[in-house]
Amino acid sequence: MCGIIGCVGREDETLDVLVHGLSKLEYRGYDSAGVALSGERVDVCKKSGKIEDLREALESRSIGGAAGIGHTRWSTHGPPTDANAHPHLDCSGDVAVVHNGIIENYQSLRDELVAAGHTFKSDTDTEVVPHLVEDALADGLDNEAAVREAISRLEGSYAVAAAVSGDDTIYTARNDSPLVLGIDDEAEGQEAYYLASDVPAFRDFTDRVVYLADGEFATLSAEGWTVTDEDGDPVDKDVDTVDWDPEETGKSGYDHFMLKEIHEQPRAIRQCLRGRVDEMAATVDIGDLGDLSPTGVQFVACGTSYHAALYGAQLLRNAGIPAQAFLASEYATSPPPIGDALVVGVTQSGETADTLSALREARKRGARTLAVTNTVGSTVARECDHALYIRAGPEIGVAASKTFASQLAALNLFTLGTTRVEGKRDVIGALRDLPSDIQAILDDSNAEAVADTYVDSDAYFFIGRGLQYPVALEGALKMKEITYKHAEGFAAGELKHGPLALVTEDTPVFAVVTGDGEMARKTIGNVKEVEARDAPVVAVTDGQSDVERYADHVLEVPETHPQAAAVLANVQLQLVSYYVADELGRSIDKPRNLAKSVTVE
């Protein structure tokens, strides 16, 4: 949640860099936004609403400074108002702070500070930080020591950045919230340094990055950057190079990032598979993970990633490996017996707080851990014993699309590479064909017409069996996320155990039916049940069964292996949700109340 940006070394361009960075981070929060620039004094401008509202507010202001910090907010403490927007100031107006996370002991700190005479202007937990810095400065500490002292008193999760008047240095630290530095010092005399919650904020300016770890403290000034540990001792950090182009974070002519990212799925799948599959030899090479050879697997994940985990668990069970998928928030507080199971965390961002907590609990109990993630250098990748990258490239739309498809592809690779799967050559061939099969759907889908037919429906149901059950859940989640309509996904056999009472002529049922085996036949039976109650039926099918006879509309997918069919069916459901949301005029890339990366529990 929330996005942080910082910049030093850009002189008169500091404000423009901050606002640009915030626009790139708006997927992390868009309740309010603000900036603070430090020179002889600290100048602050902040505004509830979206980045555009901040831009308009800045037009009537003249603020500047050699160093600056900015923030785009997803509300946790206090409603989205101008007062609650970041940055927050101390009583003197000399210390500005932005923060991502939750300070769990903020109330006791606030009570202490109020008793000492401090005045608060917001409802946020963040505002205690500048006041703590103010007290430390009053005690005679220098700026860096004062910020360190303030941070040492915080409990909970935080990424904090602070600027102080008369100082062109930014001070920043993290604990359980992401922070990355951008390093642009290759042109002598033109050095610039950045910090952000995520790389897209500064990728237009540099591709060289340093990922901060929990407990680390960094300073950025025009003269350079340092990273130290909690004791103030220097930490030797690697400077990594980002391997994607900044143009990937633009819309490229599409109306929405989500539509662009749906259409990027063929490329994302190719990137996931590249160098890892050999169809001629019928082999999968994920050797960089080592010899995992799992005898049991427990997946932990949230949201869309949980649906991918359900799919992965089904793959492993089909291969003879006991596997279960757990909601990370439940696993973290009530973990099952682990034994010698491999615990796999599935998280697009690599920073999902609940998933990290679940994995940490598993590690405390002696489990081996694997991260399936999109983000190199993320917390989950650093903390797990192994990491399998899905290589989807940056995804800006809040509702996951190409990352879900890439997660499914990566979990196929994981299963093929660690188990003895019958018919491995057929699966590999189907994975290889996924990009072209997805492109065929994108070229010929009639999802827009289906969306137009059912845009005014009361609710939407999605059903599937086996590998298509997680796809039904994901189809419903997408519909909820971006249309704000009621939608539910079910294992098809569960309809008659309660949900059938909700089925009416105004509740279309999307039935995912691929192949012509027993599961397809049983799902068709469920289709007949809803048809008998006058519910319209939309069949997502490869044409191998006769489900089309009972459907009002058909969304076709190419015939393929069952493991790949789930990926294809999901594309059609993504398109339906997108077009329903578009016709309703929803904020598709930034749905209300949601943020891309959930970094608080």
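**Entry 1: the parallel sheet**

I am working from a predicted model. I began with strand E22 (residues 459–464) and asked how it is joined to E23. I counted 6 bridges between them, and the two strands run parallel. One pair I noted by name: Tyr 460 has Ala 487 in E23 as its bridge partner.

On the E24 side, E22 is joined by 3 bridges, again with the strands running parallel. There, Ile 463 has Ala 511 of E24 as its bridge partner.

Next I followed E24 to E25, which pair in the parallel sense over 5 bridges.

Putting the strands in order, I get an open sheet of 5 strands, E23-E22-E24-E25-E26, with parallel pairing. Which strands stand at the edges? They are E23 (486–491) and E26 (553–556); each has a single partner strand, so one side of each is left without a neighbour in the sheet. From one strand to the next, the twist averages 20°.

**Entry 2**

I wanted to know how covered E24 is. Of its 5 residues, 5 are buried. Side chains in a regular strand alternate between the two faces of the sheet. I checked this strand residue by residue: Val 509, Ala 511 and Val 513 point one way, while Phe 510 and Val 512 point the other way, and all are buried.

Helix H16 (residues 518–531) lies across E22, E24 (509–513) and E25 (537–541), at about 165° to E24. Helix H17 (residues 562–584) lies across E22, E24, E25 and E26, and runs at about 160° to E24.

Then I turned to strand E4 (residues 67–73), where 7 of 7 residues are buried. Both faces are covered: Ala 67, Ile 69, His 71 and Arg 73 sit on one side, and Gly 68, Gly 70 and Thr 72 on the other.

E4 is joined to strand E1 (residues 3–8) by 6 bridges, and these two run antiparallel. Gly 6 stands opposite Ile 69 in that pairing. With strand E2 (residues 32–38), E4 pairs in the antiparallel sense over 7 bridges, and Val 35 has Gly 70 as its bridge partner.

**Entry 2: the antiparallel sheet**

I also traced an open sheet of 6 strands, in the order E5-E6-E7-E8-E12-E13, with antiparallel pairing. Its edge strands are E5 (88–89) and E13 (224–228), each pairing on one side only. Strand E12 (residues 217–221) is joined to E13 by 5 bridges, and Ser 221 stands opposite Gly 224 in E13.

Helix H4 (residues 128–138) packs on this sheet, touching E5, E6 (95–103) and E7 (156–164), and its direction makes about 130° with that of E6. Helix H5 (residues 143–152) packs on the sheet too, touching E7, E8 (170–175), E12 and E13; its direction makes about 150° with that of E12.

**Entry 3: a helix length check**

How far apart are the end C-alpha atoms of helix H12 (residues 402–418)? At 1.5 Å a residue, its 17 residues should span 24 Å, and the ends are 24 Å apart, which agrees. H12 is mostly covered, with 16 of its 17 residues buried.

I searched the whole structure for cavities of 30 Å³ or more and got 1. The largest cavity has a volume of about 70 Å³. Its lining has 12 residues; Cys 2, Arg 73, Thr 76, His 86 and Asp 125 lie nearest its centre.

The largest pocket holds about 810 Å³ of space. Of its 39 lining residues, Asp 243, Trp 244, Asn 374, Thr 375 and Val 376 are the closest to its centre. E11 and E14 (240–241) are the elements that give two or more residues to that lining.

That sent me to Arg 208, which lies in E11 (residues 208–211). Buried or exposed? Arg 208 has a relative accessible area of 19%, and under 20% counts as buried, so Arg 208 is buried. Leaving aside neighbours within four places in sequence, its contacts include Leu 181, Asp 185, Glu 186 and Asp 240.

Conventions. Residues numbered from 1 in each chain as written. Predicted model: local features only at pLDDT ≥ 70, side-chain atom pairs only at ≥ 80, totals over all residues. Heavy atoms only, no water. Pairing = 2+ DSSP bridges. Helix = DSSP H or I, 4+ residues; strand = E, 2+ residues; numbered from the N terminus. Axes fitted to C-alpha atoms, helices over the stretch in contact; angles between N-to-C directions. Contact = heavy atoms within 4.5 Å. Expected span 1.5 Å × (residues − 1). Buried < 20%, exposed > 50% of the residue type's maximum accessible area, 1.4 Å probe, protein only. 1 Å grid on protein atoms, 1.4 Å probe; cavity = no way out; pocket = protein on both sides within 12 Å on 5 of 7 lines; lining within 4 Å. Points joined across faces, edges and corners; volume = space filled by probe spheres on them.
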